[in-house]
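Please look through the sequence and the three-dimensional picture that follow before reading on.

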Amino acid sequence: LYTTAIGNDGNNGRTPATPKRTLTNLLRVYDLDPGDTVFIATGTNAYDVAVSSADAGGKAGAPITFVGPTNSAPAVFRGTAGTGFAFGDSTNVLLRSVKIMRFPTGVSFTGLAISNEIRGVSFESNGGAGGVGIYLNGNGVDMNRIVSNTIRQVSGDYGIRVVGGDMNTLSNNNVRRASIAGIEIASGAHSNFITASRVYSN
């Protein structure tokens, strides 16, 4: 499935020649299944994305994937309120190669969020009081992988924050300029792993 900032929500979104304009419309029209991939083309998208459990149920080896360009200008999600990508009760969802900026929270996982992955995503100025680049929030947010992301918080409190989740892996992330903590593993979170990450100027 395909979206682009210059697409049309009247299109079917099934080919690069007929892309939808918004993920919001695409998720309303289609129920995503394990192995489905949504390709997000270059451009700036001025809206947030809420992915419900109906569209966030991948399987091991067959994730539901949201991916931006890997060899050209990025797909940018820019906002001023809410959360750039909000995943609720998600399993085996992969978010790759997009840029998320100026939302109070860049990406959040809540509810029963298990075995999801954020890889190669750029976060910039997701801020304000309580602002978080990547937020894993809740006792059921377990075994997720946060890998090779770049987080630059000019006014946000946290780069990556884990509250209550268990056995999440944070690897090869680059976090700078968060006002409270680049990476926080908060009370109630157990057996989380941080490896090979760089945290500086916080």
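## Two serines in loops

Between which strands does the loop with Ser-97 lie? Ser-97 has its place in the loop between β8 (93-96) and β9, where strands (E, at least two residues) and helices (H or I, at least four residues) are DSSP runs numbered from the N terminus. This is a predicted model, in which local features need pLDDT of at least 70 and side-chain atom pairs count only at pLDDT 80 or more, while totals for chains, interfaces and linings use all residues. Residues are numbered from 1 along each chain as its sequence is written, and side-chain values use heavy atoms, with hydrogens and water left out.

The phi angle of Ser-97 is near 60°, a positive value in a residue other than glycine, and Ser-97 is buried, with a relative accessible area of 16%. Buried stands for under 20% relative accessible area, exposed for over 50%, and partly exposed for what lies in between, with a 1.4 Å probe and protein chains only. Ser-148, in the loop between β16 (145-147) and β17, also has a phi near 60°, but at 34% relative accessibility Ser-148 counts as partly exposed.

## An open parallel sheet

Strands of a sheet pair through backbone hydrogen bonds, either parallel or antiparallel. Here, seven strands form an open sheet with parallel pairing, in the order β3-β6-β9-β13-β17-β20-β23, and two strands count as paired if DSSP finds at least two bridges between them. Because β3 (43-45) and β23 (198-200) stand at the edges with a single partner strand each, one side of each is left without a neighbour in the sheet.

Within this order, β6 (residues 75-78) and β9 (residues 98-101) run parallel and are joined by four bridges, and Ala-75 stands opposite Val-98 in β9.

## A buried glutamine

Gln-153 lies in the loop between β17 (150-152) and β18 (158-163), and counts as buried because its relative accessibility is 0%. When residues up to four places away in sequence are not counted, Gln-153 touches several residues, including Ser-125, Asn-126, Tyr-158 and Arg-176, where contact means heavy atoms within 4.5 Å.

## A stacked aromatic pair

The structure holds seven aromatic pairs, that is, rings of Phe, Tyr and Trp (its six-membered ring) with centres within 6.5 Å, called stacked when the planes are under 30 degrees apart, edge-to-face when over 60, and tilted otherwise. The rings of Phe-87 and Phe-109 have centres 5.0 Å apart and planes at 15°, so this pair is stacked. Since Phe-87 lies in β7 (residues 83-88) and Phe-109 in β10 (residues 105-110), the pair ties together parts that are 22 residues apart in sequence.

Phe-87 is buried, with a relative accessible area of 1%, and Phe-109 is likewise buried, at 1%. One aromatic cluster is formed by Tyr-47, Phe-66, Phe-77, Phe-85, Phe-87 and Phe-109.
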